[in-house]
Amino acid sequence: MVLRHGGRILADQLAIQGVTRVFSVPGESFLAALDGFLDAGIENIVCRHEGGAAMMAEAQGKLTGQPGVAFVTRGPGATNAASGVHVARQDSTPMILFVGQIARGHRDREAFQEVNFRAMFTPLAKWAAEVDDTARLPEYISRAFHVAMSGRPGPVVLSLPEDMLSGRADTPDLPSRAPRIAGVPEVAIDGIEAALAEAERPLVIAGGPLWSAEAAADLARLAQARGLPVAVPFRRQDYLDNRNAAYVGDLGVGMNPKLGQRLQQADLLLVLGARLGDIATGGYDLLNPAGPLPRIVHIHPDADELGRVFRPDLGLAAHAPDVIAALAARNAAPGPWRDWAAGARADYEAWQSPKETPGAVKMEQIVRWLSDHLPEDAILTNGAGNYAAFLHRYFRFKGYRTQLAPTSGSMGYGFPAAIAAKLHQPDRPVICLAGDGCFQMTLNEFSTAVQHGANVITIVANNGRYGTIRMHQEKTYPARISGTDLANPDFAALARAYGGHGETVVEGAAFADAFARAQASGRPAIIELRLDPEALSTGMTLTEARELGARQGR
């Protein structure tokens with residue numbers, strides 16, 4: 001008989017599943033797990049806030065295609081981590097959150113930090129459960145990894161009662177997650193081919209989960225061989241090299257209006273892995289589920305997603321990379337859409353021409369400099385805010401998994417994601433773009449970056465306000481300012497206080513040298529961009545937004 005405490009059983013099972021790193025904020029409710037990590041050889045990245053830990057785990061899941069893992073304590077620890085679980089759910093990212101819990105004998109007494117985690121996380125996670133028996137830990141963990149990766153991937157939450165985790169049991173380990181069998185029936189590929197054969201204005205929308213560099217290469221090969229125009233959903237711009245003539249832009253927030261028009265004009269939408277939600281369809285205005293609709297061929301790994309919003313003419317429950325590989329393997333000639341595809345690419349190229357913003361530091365110039373000078377494998381991360389629209393519009397992503405951003409629109413995501421990316425790929429440059437409001441939601445993780453040697457460069461776009469909300473406020477209630485101005489720290493000084501490198505840029509011409517110094521410092525760095533408050537978005541100044549609202553009589 002070999003007795004192990006629950007923390008060691010759990011850690012051993014994680015190691016069998018291939019986990020080498022977890023993200024946590026320690027708590028007394030899972031001391032046994034912390035102890036188990038030592039013998040199992042699992043690195044524990046100690047974070048400063050549970051939301052940051054969960055977002056780092058989510059980013060790890062995005063990067064690897066395998067579940068990222070976070071550990072947090074009960075009560076406030078779990079509620080703080082919920083933001084990262086929500087990102088994983090909406091972004092279809094495999095992730096497992098382990099939550100310490102009160103002892104089993106104290107349930108239903110509103111004990112210290114007691115929360116019913118099944119009830120709390122069921123609307124957010126694919127599966128939420130509590131482990132009552134130490135001997136069943138391998139069973140629960142095996143199921144957690146299978147659920148997180150099955151169909152449409154997503155987050156799983158397992159609650160761990162403190163006394164269960166510290167209890168001992170003689171229980172066998174289970175093997176790692178069963179491999180998925182790839183492949184698509186030939187008859188399904190024939191159906192897609194038939195739809196393409198009848199199209200004159202096709203538009204491919206490539207997105208969703210479980211992609212890889214190989215899938216991105218297959219997509220490029222397929223698009224080039226057939227001359228197909230390829231758009232991507234919100235924040236999936238690294239699925240196809242943006243320099244490829246087939247790439248026509250992203251169906252995201254602030255999309256190119258001409259791409260939106262082409263979405264409406266298309267006679268065939270080949271949706272490969274994406275969910276075709278409200279962002280991609282302009283709030284369902286560009287495409288209304290009630291119709292009329294173009295012909296839709298929808299490929300998605302979750303059968304329940306097919307027909308949930310838009311009725312497909314052909315729906316196939318399959319992994320998009322498998323379908324793309326099968327289509328790319330067929331020797332098919334381009335269809336009669338050469339001018340249509342060329343026009344879509346020309347629209348994208350025109351959209352890339354910068355529209356000048358006010359001030360001595362111009363975000364469009366900063367982003368174009370980054371696009372032109374960063375190595376092709378550099379990873380860029382961001383959270384939410386108007387600053388991100390400059391990245392979406394002017395940066396050309398050149399390789400798969402060079403973009404990490406939340407399709408859920410979560411503020412504060414970019415910086416924790418950058419830390420996770422740098423720890424996973426220490427030899428690649430990792431750049432976080434953040435707004436002043438976005439960055440302040442998770443900037444306490446700068447201490448985590450310093451402690452663990454995650455030398456990321458964070459570029460803070462400081463315009464002294466929550467820019468996106470101010471934009472909508474000026475359009476809706478012109479000149480009536482409430483709750484959107486910010487008092488900000490000296491971000492460069494803050495970086496130095498943490499032991500990092502800090503730069504402040506007040507003239508655009510000084511950015512390149514500031515960036516070089518940040519790189520050379522060998523430390524986590526912040527480059528603060530002092531922006532003109534008039535610079536509100538890629539297409540509108542603050543004054544223009546206010547005047548628009550006034551003209552509309554608001």
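Biologist: What makes α3, α6, α9 and α11 stand out in the lining of the second largest pocket?

Modeller: Each of them, α3 (50-64), α6 (137-149), α9 (213-226) and α11 (320-328), supplies at least two residues of that lining. α3 gives the most, with four residues. Keep in mind that this is a predicted model.

Biologist: How many residues line the second largest pocket, and which lie nearest its centre?

Modeller: The lining has 35 residues. Nearest the centre are Gly65, Met149, Arg180, Leu210 and Trp211. The space in this pocket is about 610 Å³.

Biologist: How do the lining residues of the second largest pocket divide by class?

Modeller: There are 14 nonpolar, twelve polar and nine charged residues. Gly counts as polar, and Gly65 is one of the residues nearest the centre.

Biologist: What makes α13 and α14 oblique?

Modeller: The axes of α13 (residues 363-373) and α14 (residues 386-394) cross at roughly 45°. Roughly parallel needs an angle under 35 degrees, and roughly perpendicular starts at 65. The α13 and α14 pair is therefore oblique. These axes come within 9 Å. Here the crossing of α13 past α14 is right-handed.

Biologist: Which residues of α13 and α14 make the contact?

Modeller: α13 uses Met363, Glu364, Val367, Arg368 and Ser371. α14 uses Tyr387, Phe390, Leu391 and Tyr394. The classes are six nonpolar, one polar and two charged.

Biologist: How do you know that α18 and α21 meet?

Modeller: Contact means heavy atoms within 4.5 Å. On that basis Arg470, Met471, Glu474 and Lys475 in α18 meet Leu542, Ala545, Arg546, Leu548 and Gly549 in α21. The contact has four nonpolar, one polar and four charged residues. The axes of α18 (residues 467-476) and α21 (residues 542-551) come within 6 Å and cross at roughly 35°.

Conventions: Residues are numbered from 1 along each chain as its sequence is written. This is a predicted model: local features need pLDDT of at least 70, side-chain atom pairs count only at pLDDT 80 or more; totals for chains, interfaces and linings use all residues. Side-chain values use heavy atoms; hydrogens and water are left out. On a 1 Å grid over the protein atoms alone, a cavity is a set of points where a 1.4 Å probe fits but cannot get out, and a pocket is an open set with protein on both sides within 12 Å along at least five of seven lines; lining residues have an atom within 4 Å of a point. Grid points are joined across faces, edges and corners, and a volume is the space filled by probe spheres set on the points. Axes are lines fitted to C-alpha atoms, for helices over the stretch in contact, and angles run from 0 to 180 degrees between N-to-C directions. Angles under 35 degrees count as roughly parallel, over 145 as roughly antiparallel, 65 to 115 as roughly perpendicular and the rest as oblique. A crossing is left-handed if the near helix is turned anticlockwise from the far one by less than a right angle, and right-handed if clockwise.
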